[in-house]
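Thanks for coming. I will go through one structure, a few elements at a time. Please have a look at it first.

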Amino acid sequence: MLHEASTKHEGELEVSFGYKCNGNIDEICEVSDKFEIQPGLQRISSFSCLSGAALSANATLANTNICNGLIGEEILPTWDSPNSFRKVPSSPTLSRLDILSTSMQSSLSNLSCSPSTPTSEYDSYLSKSMSAPSGSEGFLNVKEVQVAGGAAGEDRVQAVCSEENGWLFCGIYDGFNGRDAADFLAGTLYETIVFYFNLLDWEAKNEASDGLDIDSSHPLDDGSITHERFSPLKNNSKNASDIHSVFANHSYAKAGMTNYPLRHGVLDSLQRALSQAENDFLHMVEQEMEDRPDLVSVGSCVLVVLLHGKDLYTLNLGDSRAVLATLDVRGNGGLKAVQLTESHTVDNELERARLHHDHPDDPTIIVGGKVKGKLKVTRAFGVGYLKSKKFNDALMGILRVPSLISPPYVSTQPALSIHRISKSDCFVIVGSDGLFDFFGNEEAVNLVRSYILSNPTGDPAKFLLEQLLLKAADCAGFSKEELITIPAGRRRKYHDDVTVIVIILGTNQRTTRASTSMISLMYIYTHPQLFYYIETCTSNHLVLSLI
């Protein structure tokens with residue numbers, strides 16, 4: 001279970017949730033309302049528990065009128081659960097999304113991984129998937145899922161879990177210039193990803209009939225290469241289907257691993273889903289910008305983390321981060337931080353080089369440390385006025401970019417990675433950039449590590465936000481209590497909207513006791529390598545005696 005790090009002030013956290021995996025199929029465990037164990041599930045996932053929290057600083061209104069109110073009034077209420085996980089039925093894939101856009105069928109032919117596949121076959125699959133509920137077949141298809149998440153300022157957070165099928169989906173959407181883009185992502189991206197995973201299964205069956213081995217039942221050994229990044233910087237591709245060339249020399253393929261095509265397809269599907277969501281959002285913006293020209297400047301960073309079995313996939317646009325804490329076996333026996341994502345800002349030398357390469361005839365690409373003087377991030381969802389002249393022309397006066405010579409200036413090509421979870425991996429911190437404005441990767445990892453060891457029933461996500469508030473208040477010369485009384489909007493001067501999820505990993509849950517005891521006990525049982533570290537580096541003899 002999770003307890004609060006300290007006394008909660010009313011309205012301080014807009015989102016706070018937790019989830020703990022069930023370790024025994026026959027046992028029902030009593031836990032707090034923040035940490036729910038579902039009976040009758042056989043745990044096959046690679047995580048033990050997770051907690052999420054979000055804090056707002058921006059003053060923003062939920063614009064429920066986008067897509068004729070469908071997003072805010074019908075879709076988001078079915079997903080939002082800011083204080084706990086809850087069960088929801090798995091809805092028919094895209095049964096609601098097809099209402100949002102007329103671009104779906106044309107986009108399929110453009111995004112197809114398999115150019116030789118006739119469009120009519122895609123149309124047939126699309127029609128079938130939209131007309132009937134999805135069953136238990138498919139990469140992420142289940143009868144019901146556990147969901148949690150909500151909004152904090154312009155941030156959106158979402159967690160979807162199917163423990164019995166061994167997967168966890170986390171999305172952090174850090175919106176800017178309004179929350180419309182983040183709301184759109186929260187309402188549509190997960191289901192769009194599921195749709196493309198279903199399409200992946202359909203394609204795989206066709207490929208299998210042609211002799212391609214797509215079996216995913218043979219996992220990689222822990223000794224194999226565990227982390228690979230796939231960045232569009234290495235590919236210079238303008239088409240989502242060209243991601244195949246990135247994988248041509250991947251070590252999984254070189255090693256002849258039989259589940260390489262599945263991993264390949266998962267990353268491809270994530271990118272295709274993001275591209276589809278971008279097309280749908282900009283289509284919606286074009287339809288509504290006459291009445292709401294501000295929509296052309298609204299955008300969002302995107303960070304998706306998908307844990308499927310022992311594979312941890314990441315997709316990111318912008319400056320949110322996923323940071324892995326793993327045992328530093330070659331160092332002093334402590335934990336080291338491994339950043340799984342790239343930072344897409346003008347401060348990144350590679351990103352600046354890409355911009356200058358893509359726009360050789362534009363001398364005003366970066367002005368005042370921002371892309372065209374407007375945006376610090378170089379890759380983002382939405383923000384149409386930096387991608388197309390027609391959107392820029394919708395703005396008036398100083399809001400318009402004066403010299404849009406060679407758009408798009410902001411890319412929607414995500415950075416992609418796969419990490420193979422090993423016994424040395426302990427937890428993952430997933431956070432918006434507001435967290436890392438105050439803490440470096442190593443500092444965040446050390447804070448979570450020390451907190452888990454000293455507070456075995458505590459909430460590490462909340463704790464990180466507690467520490468951030470203390471640090472922000474200290475920098476401003478306030479007490480924490482004084483800082484949190486400052487109204488949203490004015491408080492943005494001192495810190496950003498902040499969203500964080502901490503996922504405790506564990507691949508070898510050995511006993512029932514491990515699943516029903518405190519977080520630290522699960523942590524040690526599932527990470528036997530940590531025992532020596534804890535025994536030699538902590539004086540918490542109570543924890544050791546419980547073991």
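In which sense do strand S10 and S16 pair, and over how many bridges? Strand S10, residues 311-317, pairs with S16 in the antiparallel sense, over six bridges. Two strands count as paired if DSSP finds at least two bridges between them. Within this pair, Tyr313 stands opposite Ile418 of S16.

Before I go on, some ground rules. This is a predicted model, in which local features need pLDDT of at least 70 and side-chain atom pairs count only at pLDDT 80 or more, while totals for chains, interfaces and linings use all residues. Residues are numbered from 1 along each chain as its sequence is written, and side-chain values use heavy atoms, with hydrogens and water left out. Helices (H or I, at least four residues) and strands (E, at least two) are DSSP runs, numbered from the N terminus. Buried means under 20% relative accessible area, exposed means over 50%, and partly exposed is in between, with a 1.4 Å probe and protein chains only.

Back to S16, residues 415-420. Six of its six residues are buried, so the strand is largely enclosed by the rest of the structure. Ala415, Ser417 and His419 cover one side, and Leu416, Ile418 and Arg420 the other.

Ser320 is buried, with a relative accessible area of 2%. Contact here means heavy atoms within 4.5 Å. Not counting residues up to four places away in sequence, Ser320 touches several residues, including Ile172, Cys301, Thr341 and Ser432.

Next, helix H13, residues 460-476. What span should its 17 residues have? At 1.5 Å a residue, the answer is 24 Å, and the end C-alpha atoms are 24 Å apart, so the two agree. The expected span is 1.5 Å times one less than the number of residues. At the N-terminal end, Asp459 caps H13, with a side-chain oxygen 3.1 Å from the backbone nitrogen of Ala461. Just after H13, Gly477 takes a positive phi of about 80°. Among the buried residues of H13 are Phe463, Leu464 and Leu468.

Leu468 also turns up in the contacts of Gly434: leaving aside neighbours within four places in sequence, Gly434 is in contact with Leu468, Asp496, Asp497 and Val498. Gly434 has its place in helix H11, residues 433-436, and counts as buried at 1% relative accessibility.

Now helix H1, residues 70-79. Which of its residues are buried? They are Leu70, Ile71, Ile75, Leu76 and Trp79. These residues cover an arc of only 115° around the axis, which puts them on the same side of H1. The arc is that of the directions from the helix axis to the C-beta atoms. The face turned away from the buried side carries the exposed residues Glu73 and Glu74. As background, an α-helix has 3.6 residues a turn, so residues three or four places apart point the same way.

Last, some backbone exceptions. Most residues other than glycine have a negative phi, and most peptide bonds are trans. Asn177 is not a glycine, yet has a positive phi of about 60°, and at 45% relative accessibility it counts as partly exposed. Val383, also not a glycine, has a positive phi of about 40°, but Val383 is buried at 1%. Finally, a cis peptide bond joins Pro407 and Pro408, with omega about 5°. Pro408 is in the loop between helix H10 (389-392) and S16.

Terms used. A polar contact is a pair of N or O atoms within 3.5 Å; within protein, one must be able to donate a hydrogen and the other to accept it, and residues adjacent in sequence count only if both atoms are side-chain atoms.
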